[in-house]
Each structure stands twice: as C-alpha cells, then as structure tokens.
Amino acid sequence: MTGFKRLQVALSVAAGIAVVALFLWRPTAVVYGLQRAGLYASIALPMALVLGIVHIVNLAHGEMMMVAAYLSYAAARALGIDPLLALVPTTIVMFIVGIVLYRLTISRTVDGPELNQLILTFGIAMVLGQAVNMIATSQPRKISLDYVSASATVGDVSFGVYDFVFVALAAASLAGLYLFLKKTRLGQAATAVGQNPRGARIVGIDVQRTYTIVFAISAALLGIVGTFFMTKFSIFPTVGGSYTMRSFSLVAMAGIGNLPMIVVSSVILGVSEAAIQAVPHGGGWSPLVFFGLIILAIMIRSFRGGRA
Amino acid sequence: MSSIEQRPRRRAPWVFAALAALLAFLPLVAGPYPQTIARSVLTYMMLAISWDMLIRSGQLSFGIAGFFGLGGYAAAIGATYLGVPPVLTLVFAAVVVGVVALLIGAVVLRLRGMYFAIVTLALAEIFRIVMHNWSSLTGGPNGMLLPRSAFDGNSVATYLMMLVLAAVVIGVSEWFRHSRIHFALTAIRDNETVAASAGVNIYAYLLTAFAITSGIQGAVGASYAQLFGFVTPESSFNVNYTLIPLAMTLLGGMYGTWGPVVGAVLLGVVGEYLKLFIPYGHLLVYGVIIVLVILFMPRGIVGLVRGHLERSRRTTTASEKGGAA
C-alpha cells in the first residue's frame with residue numbers, strides 16, 4: 001500500500017513539473033492541455049465509477065456519450081432551443097437508458113465469464129454506433145453558438161474561455177461522486193457491494209438494485225458530458241469510440257476504484273498531448289504518441305498489479 | 001484427456017465433408033457474382049477462425065482489423081518495392097505480420113482479460129495511424145495501388161486461391177485442436193494458475209498462438225489487397241474486419257473450427273442480401289447478433305446442434321439398454 005501511495009505522489013509531482021516546464025515554454029499549450037484534461041476526466045469519471053464499483057468494463061462507454069450528444073442535438077434542433085437547455089431532458093433520458101441497458105443486457109453477464117461482458121459491451125457499442133449512423137447518417141453535425149467562441153487574453157497569451165466548462169464539469173463530477181460514495185446510504189451500499197458482493201447480500205443490500213443505479217448514474221453523467229461535448233465539438237457516429245479507450249487507459253493509470261487519481265492522469269494525458277501538438281509538424285503523429293501512452297499506462301499498471 | 005476428444009465418430013463427418021465440397025465448388029459454376037460473394041465469405045471465415053483460435057486460450061482480441069490491414073500493406077509494399085510476385089505476397093504478408101505480432105506479443109501477452117482486449121484495440125489504431133502518416137512508403141491517406149493483381153483478377157482463379165488459403169487455415173485450426181497446443185491453451189483458459197503449476201509454459205504457447213493467428217490475418221489481408229488491387233488506411237483497417245468475424249464466430253459457436261465456418265457461410269450469404277435492403281445500416285444487424293447470441297445462445301449454432309445430438313444419442317442408448325434389460 002505504501003508503494004501505491006508513493007507511485008501516486010510521484011505521478012502527481014511529475015505531472016506538476018511537466019505542467020510548469022511546459023508553461024515556461026508554451027503557455028497556450030498548458031491552457032489547452034488543462035482544458036483537454038477536464039474533458040478527459042469528465043468522460044473517464046463515470047467509467048471509473050462503473051469499473052470500480054460494479055466491475056463492468058463498458059466498451060460502449062464512448063458510444064453512450066455520443067448518443068447523449070445526438071439526443072441533445074436533436075432536442076435543440078427540433079425545439080429550436082439552446083442545446084444547454086436540453087441538458088436536463090438528456091440527462092434524464094440517459095439515466096433511463098442506463099437502467100434499461102443494465103437490466104436487459106449487462107446484468108445477465110455479471111456472474112458469467114469476463115469475456116462475455118467484453119464481447120457484449122463491444123456489441124452494444126457497435127449497435128449504438130450503427131443505429132445512429134443509420135438514423136442520422138455519418139455527416140458531422142454542429143450547432144454554432146456565440147458563447148462557445150468567447151476568448152480571453154492574459155498578458156500576451158490569448159485562449160478560448162468556454163473550454164474551461166469541462167474543467168468545472170470534471171471538478172463537479174468528482175465532488176459529486178465523492179459525496180455520493182461517502183455520505184449517502186446508497187453510495188455506501190455501492191462501495192460495500194464493490195468490495196464484497198456476497199457479504200453485501202448477506203447484510204441485506206439489494207445488490208442488483210445497487211448495480212443498476214450505479215450504472216444509471218454513470219449513464220446520466222455521460223448525458224451531461226455529451227451535451228457539453230456537442231456544444232463545443234462536431235459530432236458524428238464514430239466520435240465516441242476513441243473516448244472509450246481514453247477513459248479506460250485513464251482508469252487503468254489511476255488504479256481501478258481510485259477516483260481522485262483520474263484527475264492527475266487526465267492532466268498528464270491532456271498536457272502531454274497538447275505539448276506534442278505544440279511541436280511544429282507534430283500534429284499528424286500525435287495520435288500515435290497518444291495510443292502509445294495508453295498502452296504504456298496499461299502495461300505499467302498491469303505489471304504492478306501482477307506483482308502486488 | 002484424449003479419450004474424451006476421440007469419441008467414436010459416425011458417418012456424420014463424411015456427410016459434412018461432401019456437403020462442404022459441394023458448397024465450395026458451387027460458386028465455380030455459378031458465375032462471377034456468386035464467386036464475389038463466396039470470396040468475401042471465405043475472407044471473413046478465415047478471420048473468424050483465426051480469432052477463435054486465439055480465444056481458445058481465453059485471450060480476447062479486438063485487433064483483427066489491425067493485423068488484416070497490416071497484411072494488406074505488407075503485400076502492397078512487398079510487391080511494389082521488392083518485386084514479390086502476386087500470389088507469394090500472401091506468404092510474405094503472413095511472415096511479416098507474424099514477426100510483428102511476435103515482437104508485440106512478447107510485450108503485450110503479459111496482459112490478460114480486459115487489459116489485453118483494450119490494448120489490441122489500441123494496436124489496430126496505431127497500425128492505421130502509422131500507415132496513414134508514413135506517406136513516403138505507403139502513399140499516406142490515398143493508399144497505394146498494387147503493380148499487378150493475382151491472376152490478373154480472373155474470377156475463377158482468385159476464387160480457387162481463396163479456397164486453397166481457406167483450406168490451409170482450416171487445416172491449421174484443426175491441427176491446433178488436436179495437438180498439444182490445444183490442451184495447453186484450454187488449460188490456460190480454464191485455470192491459468194493450475195496450468196502453470198502443471199508445467200505448461202503459458203507464455204510460449206500464447207506467443208505461438210498469437211503469432212500464428214496474426215499471421216493468418218495478415219495473409220487474409222494480403223489476399224484482400226490482391227482481390228481489390230489497392231490498399232487505403234480507411235478501407236484496409238475498417239472496423240468491419242473486427243466486427244463481422246466476431247459476430248460470425250459467436251453465431252456459429254466459439255472454441256472450435258466449425259462454428260466460425262458455419263457462422264461465416266450463414267452470415268456471409270445473409271449479409272449480402274441485407275446490403276441490398278439496408279445499404280447504410282446493415283452492420284447494425286451484426287452488432288445485434290453479437291448481443292443476442294451472448295445473452296441467449298452463448299454456445300452458438302454448432303454448440304446447440306452438438307448438444308441436441310448428444311442428448312438424442314444418450315436417450316437412444318438409454319432406451320436400447322432398457323430394451324435389453
């Protein structure tokens with residue numbers, strides 16, 4: 001456990017040093033990196049919850065975010081309202097989608113082999129992606145909003161302000177999840193179930209109900225993220241896929257079940273990605289470094305996990 | 001262990017063999033369009049078998065499209081820069097991809113379960129990005145044309161080429177099932193710790209299986225490049241080449257050669273008609289099949305039929321015994 005703590009501290013310090021060094025070299029890269037980190041963390045936190053508590057690897061994670069983005073887009077277009085007003089209905093719909101998805105499909109694989117769960121959620125990801133592709137076509141969609149392009153200048157560095165909404169979102173999700181897990185009865189029950197399902201059942205916790213609600217909460221969080229995602233970025237049916245991988249690697253880097261470390265991992269990933277893109281001609285190759293980092297993070301974590 | 005495997009066989013295999021031979025040679029007389037369908041069925045069949053060969057060890061790969069695309073590029077690069085003759089590019093690609101898989105596998109095969117699965121997903125992306133950006137070698141986003149395609153694209157000859165390749169893949173898969181590798185891999189899947197303590201060199205067996213199955217995927221990718229005469233990052237690394245073989249294997253039944261074969265023939269032919277009815281969403285069907293099979297029919301068609309046959313055989317022997325007594 002001390003080794004684990006030491007790794008956490010080391011990672012946090014490394015992240016801090018990297019950010020400061022980068023700030024001296026390219027201040028804008030730090031701003032963009034932190035904004036990106038906010039986006040990554042806000043998408044990864046729901047996965048951290050599900051993976052840490054229900055122990056389900058949801059390979060449809062990014063696709064659920066994509067579906068939420070499309071829901072808000074459709075609501076905004078159909079009703080002529082600001083997309084952010086669609087936040088509440090989308091979140092409620094996603095909560096229900098989470099319940100239905102869990103009850104109908106994933107709950108049946110909870111006791112089975114892990115492989116079945118992976119294949120099942122991969123299948124769900126494909127179904128969601130293809131269904132959206134069939135209904136909305138693969139054409140990218142975007143609603144242009146004035147407030148999204150607001151910018152600010154500090155010293156001689158100017159940058160977009162709106163993206164900080166993702167940083168705020170990540171902070172709010174983390175705080176909310178922390179309060180939920182520590183302070184509410186349901187959250188405490190969820191933690192108990194995560195630690196020992198059989199023991200939790202014996203002391204009278206409804207395990208399946210806990211699982212369902214935890215999964216639905218993560219779906220609802222994705223509803224919120226998806227709505228904000230859509231206000232800033234173009235959406236298309238395959239937009240979510242890479243976020244499944246990103247989120248998984250962040251969770252793996254942070255250690256399964258460790259929510260606060262998600263933020264540190266996101267800063268490492270977001271800032272290093274922004275740093276690579278700040279290098280001239282680095283743009284095309286930057287995804288490669290990114291996927292390399294994913295594999296590296298998973299390898300390091302699994303080696304440590306294997307030895308522990 | 002072998003006594004369980006070598007159960008007395010009945011006439012059934014001969015019936016199946018005759019049926020398979022008939023199905024295999026039917027497209028030869030049926031004209032170019034059925035031959036096109038049959039070639040695509042065989043392509044997916046081989047990918048499905050190779051995926052199944054690895055999952056028999058419990059290692060789930062989502063990287064089929066990655067090695068498939070890499071094989072296509074290996075064939076195109078070999079033919080363009082090294083002058084490898086068209087048909088030999090299949091062998092060339094199998095070796096190149098096999099070696100790449102050996103090197104990568106040496107590192108990533110220490111991972112298990114979800115970690116391994118996600119890493120293979122990321123690997124496929126890495127291959128695509130490399131081919132996309134290495135413009136001087138691969139032509140970048142535009143891809144590259146093959147100098148000349150196998151048999152100059154003759155429909156009958158290319159179909160026969162695919163048939164031979166498929167026969168080889170089926171042969172390798174069956175050899176896998178009846179060799180030491182099968183018992184080692186099954187032992188790893190069932191309980192890795194017990195397998196290791198029984199002296200099974202898990203790492204070596206997994207590495208062998210990973211290199212061979214990836215090599216097969218590379219050869220299939222090369223044959224695809226030969227059939228279409230070009231490779232591009234978007235078409236060669238398309239997620240379809242992961243999704244469709246997976247759906248076929250699940251529907252047919254995992255952990256054996258004949259599940260993927262049955263699944264590929266069934267879904268391949270049905271899929272061709274689906275394309276006509278829902279041109280932009282036919283892939284949805286494959287996703288739905290994956291979900292439904294995992295939930296309601298995890299043993300697949302072959303598993304169901306086998307279970308049914310065994311039940312009826314047991315009841316007949318039971319009634320025979322009852323009659324004798």
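This is a predicted model: local features need pLDDT of at least 70, side-chain atom pairs count only at pLDDT 80 or more; totals for chains, interfaces and linings use all residues.

Tutor: Residues are numbered from 1 along each chain as its sequence is written, chains are lettered from A and ligands numbered from 1 in the order in which they are written, and side-chain values use heavy atoms, with hydrogens and water left out.

Student: How far apart are the end C-alpha atoms of helix α6 of chain B?

Tutor: Helices (H or I, at least four residues) and strands (E, at least two) are DSSP runs, numbered from the N terminus. The expected span of a helix is 1.5 Å times one less than its number of residues. The 21 residues of α6(B), residues 113-133, should therefore span 30 Å. The computed distance agrees: 31 Å.

Student: How many residues of α6(B) are buried?

Tutor: Buried means under 20% relative accessible area, exposed over 50%, partly exposed in between (1.4 Å probe, protein chains only). By that cut-off α6(B) is mostly covered. Of its 21 residues, the buried ones number 17.

Student: At what angle do the axes of helices α8 and α9 of chain B cross?

Tutor: Axes are lines fitted to C-alpha atoms, for helices over the stretch in contact, and angles run from 0 to 180 degrees between N-to-C directions. Helix α8(B) covers residues 155-178 and α9(B) residues 180-190; their axes come within 4 Å. The crossing angle is roughly 70 degrees.

Student: Which word describes α8(B) relative to α9(B)?

Tutor: Angles under 35 degrees count as roughly parallel, over 145 as roughly antiparallel, 65 to 115 as roughly perpendicular and the rest as oblique. The crossing angle of α8(B) and α9(B) is roughly 70 degrees. That makes the two helices roughly perpendicular.

Student: Which residues of α9(B) meet α8(B)?

Tutor: Contact means heavy atoms within 4.5 Å. From α8(B) come Trp175(B), Phe176(B), Arg177(B) and His178(B). Their partners in α9(B) are Ile181(B), His182(B) and Leu185(B).

Student: How many residues of this α8(B) and α9(B) contact are nonpolar?

Tutor: Ala, Val, Leu, Ile, Met, Phe, Trp, Tyr, Cys and Pro count as nonpolar, Asp, Glu, Lys and Arg as charged, and the others, Gly among them, as polar. The contact of α8(B) with α9(B) holds two polar residues and one charged. The nonpolar ones number four.

Student: How many aromatic pairs does a search of the whole structure find?

Tutor: Rings of Phe, Tyr and Trp (its six-membered ring) pair if their centres lie within 6.5 Å; planes under 30 degrees apart count as stacked, over 60 as edge-to-face and the rest as tilted. Over all chains, the count is 18.

Student: What kind of aromatic pair do Phe116(B) and Phe210(B) form?

Tutor: Phe116(B) is in α6(B) and Phe210(B) in α11(B), residues 202-228, so the pair links distant parts of the chain, 94 residues apart. The centres are 5.9 Å apart and the planes 75 degrees, which makes the pair edge-to-face.

Student: What kind of aromatic pair do Tyr224(B) and Phe228(B) form?

Tutor: Both lie in α11(B), four residues apart, about one turn of the helix. Tyr224(B) is buried, at 10% relative accessible area. With 4.6 Å between centres and 35 degrees between planes, the pair is tilted.

Student: How many of the 27 residues of α11(B) are buried?

Tutor: Helix α11(B) should span 39 Å, and its end C-alpha atoms are 39 Å apart. It is largely enclosed by the rest of the structure, because its buried residues number 21.

Student: Is Arg246(A) buried or exposed?

Tutor: Arg246(A) lies in helix α10 of chain A, residues 241-254. Beyond its neighbours within four places in sequence, it contacts Tyr40(A), Glu273(A), Phe290(A) and Ile294(A). At 13% relative accessibility, Arg246(A) counts as buried.

Student: What is the phi of Tyr255(B)?

Tutor: Most residues other than glycine have a negative phi. Tyr255(B) sits in the loop between α13 (240-252) and α14 (258-277) of chain B and is partly exposed at 31%. Its phi is positive, although it is not a glycine: about 65 degrees.
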